[in-house]
Amino acid sequence: METDLSLDNIKEFCPKPFEDFRGEIYTLYNEKEHSIKFNHDKICIRKKDCLVGIHGDFNTHKLVSCLYGEIFCALVDNRKESKDYLKHKTYILNHSNRKQLLIPPGIGNSFFVLSDFCVYSYKLSYSGEYTDHDQQFTLKWNDEKLNIFWPKNNPIISERDHLAK
């Protein structure tokens, strides 16, 4: 069951493709359409039933999309001062719907792979040094307080997500 996360600053984008007999092309990011400049890109390739846990920091904006495959994405508000603290919202992202999410700092980002594999894109915007995994927060993916209904109860997870409290 999804909790009502009414964060105005999580933005959803759906790029419009140009299609012809060869296939399609679309723009993932255009500086004129976003008020944020990105300085770091990452690609994550994961296999079916893998769950990348609820990770984030309080410095980085993320523009995420699933370039290939299909994922169940869950975002969790980890800003203690927010009215939506520990609430979540879920999305289905895939290469067909081309949906992108602009996630502000303090929102934990996670996903579960529904397809055989996925190619997941992160565009990151931050000032100063990058906040790497050892300095990020990690929320327990199956914490009862969060009440996230995941597609599978026994996913493939990392040691980091296994040890989360």
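Contact here means heavy atoms within 4.5 Å. The structure is a predicted model, in which local features need pLDDT of at least 70 and side-chain atom pairs count only at pLDDT 80 or more, while totals for chains, interfaces and linings use all residues. Residues are numbered from 1 along each chain as its sequence is written, and side-chain values use heavy atoms, with hydrogens and water left out.

Not counting residues up to four places away in sequence, I103 touches T60, H61, K62, V64, L75 and N109. I103 counts as buried at 0% relative accessibility, where buried means under 20% relative accessible area, exposed over 50% and partly exposed in between (1.4 Å probe, protein chains only). Between I103 and F13 there are 90 residues in sequence, yet 11 Å in space, C-alpha to C-alpha.

Strand β9 belongs to an open sheet of 5 strands in the order β1-β9-β6-β11-β4, with antiparallel pairing; two strands pair if DSSP finds at least two bridges between them. From one strand to the next, the twist averages 20°. For such angles, axes are lines fitted to C-alpha atoms, for helices over the stretch in contact, and the angles run from 0 to 180 degrees between N-to-C directions. Strand β1 and β9 (residues 100–103) run antiparallel and are joined by 3 bridges; E12 stands opposite L101 in β9.

Another open sheet also has 5 strands, in the order β8-β7-β10-β5-β12, and its pairing is antiparallel. Its edge strands, β8 and β12, each pair on one side only. The twist in this sheet averages 25° from one strand to the next. Strands β7 and β8 run antiparallel and are joined by 7 bridges, with A74 opposite T90 in β8.

On its other pairing, β7 (residues 70–77) meets β10 in the antiparallel sense over 7 bridges, and the bridge partner of A74 in β10 is S110. Strand β5 (residues 51–56) is joined to β10 by 3 bridges, again antiparallel, and there H55 has N109 as its bridge partner. How many residues of β10 are buried? In strand β10 (residues 107–113), 7 of its 7 residues are buried. In a regular strand the side chains alternate between the two faces of the sheet. In β10 both faces are covered, with I107, N109, F111 and V113 buried on one side and G108, S110 and F112 buried on the other.

The nonpolar interior can be considered next. A nonpolar core is a set of buried Ala, Val, Leu, Ile, Met, Phe, Trp, Tyr and Cys residues joined through side-chain atoms within 4.5 Å. The largest such core has 22 residues, and those with the most contacts inside it are I71, L93, F111 and Y120. Two or more residues are given to this core by each of β6 (61–68), β7, β8 (88–94), β9, β10 and β11, and the largest share, 4 residues, comes from β11. Leaving aside its neighbours within four places in sequence, L93 is in contact with V64, S65, C66, G69, E70, I71, C73, K99, L101 and Y120. A second, separate core of 12 residues includes I54, F72, A74 and I148.

A disulfide is a pair of cysteine sulfur atoms within 2.5 Å, and a search of the whole structure finds 0 of them. C66 is in no disulfide, and the nearest cysteine sulfur, that of C118, is 5.0 Å away. C66 is buried, with a relative accessible area of 3%, and C118 counts as buried at 0% relative accessibility.

Finally, T131 is placed in the loop between β11 (117–125) and β12 (137–139). Is T131 buried or exposed? T131 is buried, with a relative accessible area of 13%. Apart from its neighbours within four places in sequence, T131 is in contact with D57, N59 and Q136. The C-alpha atoms of T131 and D20, 111 residues apart along the chain, are separated by 41 Å.
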